[in-house]
Amino acid sequence: MNLHEHFHHLAQKQPDVVALSYADQEISYIALDQQITAFAAGLAELGIGAGDHIALLLGNCPEFVISLYGAFRAGATVIPINPTFSKDELSYILQDGDVKAIVTVSALTPLIKYLSPTLPNLETVVITDIDTVPEFQNEFLELIHFQFVCKNDTGFAAPVLVNDDVGVILYTSGTTGKPKGALLTHENLYSNAIDSSSCLEMSKADRVVAVLPIFHVFCLTACLNAPLSQGATVILLPKFHPGEVLQTIAQKQATLFAGVPSMFNYLLQVPGVGPEAVKSLRACISGGAALPVALLHDFEAKFAVPVAEGYGLSEASPVTTFNPISGVRKAGSIGVSIPHVENRIVDEAGQPVQTGEIGELIVKGPNVMKGYYKQPEASEAVLQNGWLFTGDLAKVDEDGYFFIVDRKKEMIILNGFNVYPREVEEVIYSHEDVIEVAVIGLPNEKLGEEIYCYLVSRNPDLTEQALHDYCSERLAKYKVPSQYRFMTELPKNTTGKIMKRVLIAEAHDVN
């Protein structure tokens with residue numbers, strides 16, 4: 001079974017149930033299924049099918065869902081791309097991904113036209129938001145309107161897919177070099193949707209808010225594939241605005257909200273709201289980055305709704321653990337292994353460590369990627385004997401709950417001591433005047449590295465000395481930051497995750 005076939009079966013069983021809610025549109029399962037088939041048929045007419053790569057440069061909109069599942073039904077492989085990427089970022093992924101077709105908005109056609117001479121495989125661009133294609137179509141590529149592609153599905157027969165066929169190539173963030181394309185098979189995607197929805201106790205009755213970027217794997221699985229696999233309704237929002245999110249939850253009676261920690265922080269800052277604003281929610285889901293314990297407690301205290309933190313990475317489709325919705329939730333933990341997925345903590349030699357000891361988190365299961373596209377050496381480095389080495393340092397307790405300590409590459413070594421930025425961040429987050437914090441390590445000739453703290457404060461009178469004293473009371477001396485830098489906002493990517501590499505670059509420039 002795969003996602004598009006499973007969706008088709010559900011559409012026959014519950015044709016009139018709303019699959020997508022977007023602005024004032026409501027699209028039923030049967031209507032969406034018909035549009036998916038029509039799009040697949042249109043792709044086939046364009047000569048796009050099994051093994052071809054189609055890029056989606058779209059934000060949160062129904063056309064993304066139709067294109068994604070339609071490409072699956074046509075047998076093509078999808079490459080979701082952040083439409084706000086720079087020219088160089090887009091150029092690299094489109095070239096490396098051997099893209100044959102692109103689905104995007106009219107505003108990006110000039111950029112695609114500019115890049116087209118460097119994209120030898122690109123033949124077709126599908127435009128979603130205009131009635132007529134741009135005038136330069138004859139001097140460039142074949143540009144087709146989205147509705148024209150979906151005009152007819154007569155006689156279309158979907159090709160047979162096997163579990164090992166690649167459904168999505170998901171390019172990693174590239175924090176340590178050029179992005180790598182994780183090959184996610186149909187089995188990877190389907191199994192993770194089913195197993196994630198099981199952990200989150202999703203059902204047909206759920207209405208899930210999808211405001212995270214849909215081109216990111218967290219939203220793709222937790223907010224789209226998982227709910228659609230259970231016959232639930234997906235409430236698509238194009239952008240995150242705290243007030244609008246709360247209004248949407250109330251108006252559309254959402255039952256689940258998924259976000260990254262910064263989103264929970266922004267919602268927490270909205271004045272004049274409380275439990276009544278989110279009374280329809282049965283739970284919230286946090287992922288994408290570590291959720292500070294202080295933020296977790298503050299959010300649950302204000303809104304009286306449980307927050308279940310989980311963990312995942314692109315190479316695992318992405319979910320590997322979740323805190324149980326109905327069972328024990330442990331603050332600071334990423335939860336327990338989801339069904340059919342095994343998580344383990346190992347030492348440098350790849351051997352399991354004792355309970356409570358810190359090591360590298362490795363993952364095994366039907367959700368683990370096939371490898372990286374055209375990068376066999378990189379694939380071999382992280383895939384060993386069926387295990388995916390995540391690069392994250394973690395520990396597990398006697399109950400099987402996992403705790404992320406930090407990224408292996410972000411660990412600070414100061415005078416021979418290991419300092420985990422998250423431990424320092426948790427202490428600073430507990431200060432009543434702190435809204436956001438990020439801790440990084442910078443080179444130091446005498447100590448090896450020193451600790452820098454970047455933060456946003458709600459109190460303009462908060463001083464470096466006051467923070468230093470606060471940390472000194474709660475941390476070993478060598479873990480106390482040497483520098484505190486106040487900012488109006490910490491840099492974030494499109495998913496709302498704090499970009500520490502930007503802070504490191506800024507610190508180097510200043511120093």
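This is a selection-by-selection tour of the model shown above.

The model is predicted, so local features need pLDDT of at least 70 and side-chain atom pairs count only at pLDDT 80 or more, while totals for chains, interfaces and linings use all residues. Residues are numbered from 1 along each chain as its sequence is written, and side-chain values use heavy atoms, with hydrogens and water left out.

**Stop 1: Ser196**

Select Ser196. It sits in helix H7, residues 186-199. Helices (H or I, at least four residues) and strands (E, at least two) are DSSP runs, numbered from the N terminus. Ser196 is buried, at 1% relative accessible area. Buried means under 20% relative accessible area, exposed over 50%, and partly exposed in between, with a 1.4 Å probe and protein chains only.

Show the side chain. It reaches the backbone oxygen of Asn192 at 2.7 Å. Contact means heavy atoms within 4.5 Å.

**Stop 2: Pro366**

Keep Asn192 on screen and select Pro366. The two C-alpha atoms are 7.8 Å apart, although 174 residues separate Pro366 and Asn192 along the chain. Pro366 belongs to the loop between strand S18 (359-364) and strand S19 (371-372). Its relative accessibility is 24%, so Pro366 counts as partly exposed. Leaving out residues up to four places away in sequence, Pro366 touches Glu187, Asn188, Ser191 and His340.

**Stop 3: the cis peptide**

Go to Ser317 and Pro318. A cis peptide bond joins them, with omega about 0°. Pro318 is in the loop between strand S14 (307-312) and strand S15 (319-322).

**Stop 4: two alanines with positive phi**

Select Ala23. Its phi is positive, about 55°, although it is not a glycine. The loop here runs between strand S1 (18-22) and strand S2 (25-28). Ala23 counts as exposed because its relative accessibility is 56%.

Now select Ala304. Here too phi is positive, about 55°, and the residue is not a glycine. Ala304 lies in the loop between helix H11 (293-303) and S14. Its relative accessibility is 58%, so Ala304 counts as exposed.

**Stop 5: the largest nonpolar core**

A nonpolar core is a set of buried Ala, Val, Leu, Ile, Met, Phe, Trp, Tyr and Cys residues joined through side-chain atoms within 4.5 Å. Which members of the largest core touch the most others? Select Ile54, Leu68 and Phe257: of 117 residues, these touch the most other members. Helix H8 (residues 217-229) gives the most to this core, with nine residues.

Centre on Phe257. Among the residues it touches, not counting those up to four places away in sequence, are Val209, Phe240, Met263, Leu281 and Ile285. Another core, of 22 residues, lies apart from the largest one, and its members include Ala55, Leu57, Val125 and Leu143.

**Stop 6: Ala101**

Select Ala101 in strand S5, residues 101-104. Ala101 is buried, with 1% relative accessible area. Its C-alpha lies 4.8 Å from that of Ile54, 47 residues away along the chain. Beyond four places in sequence, Ala101 touches Ile48, His53, Ile54, Ala55, Leu122 and Thr124.

**Stop 7: the second largest pocket**

On a 1 Å grid over the protein atoms alone, a pocket is an open set of points where a 1.4 Å probe fits, with protein on both sides within 12 Å along at least five of seven lines; lining residues have an atom within 4 Å of a point. The second largest pocket has a volume of about 690 Å³, a volume being the space filled by probe spheres set on the points, which are joined across faces, edges and corners.

Its lining has 30 residues, with Pro213, Pro238, Lys239, Phe240 and Thr494 nearest the centre. Colour the lining by type: 14 are nonpolar, 11 polar and five charged. Helix H10 (residues 261-269) gives the most to this lining, with three residues.

**Stop 8**

Is Asn265 buried or exposed? It counts as buried, because its relative accessibility is 5%. Asn265 touches Leu295, Tyr429, Ile435 and Glu436, not counting residues up to four places away in sequence.

Follow Tyr429 into helix H13, residues 421-429, where eight of nine residues are buried. Tyr429 is one of these eight, and Arg422, Glu425 and Glu426 are also among the buried residues of H13.

Technical notes. A polar contact is a pair of N or O atoms within 3.5 Å; within protein, one must be able to donate a hydrogen and the other to accept it, and residues adjacent in sequence count only if both atoms are side-chain atoms. Ala, Val, Leu, Ile, Met, Phe, Trp, Tyr, Cys and Pro count as nonpolar, Asp, Glu, Lys and Arg as charged, and the others, Gly among them, as polar.
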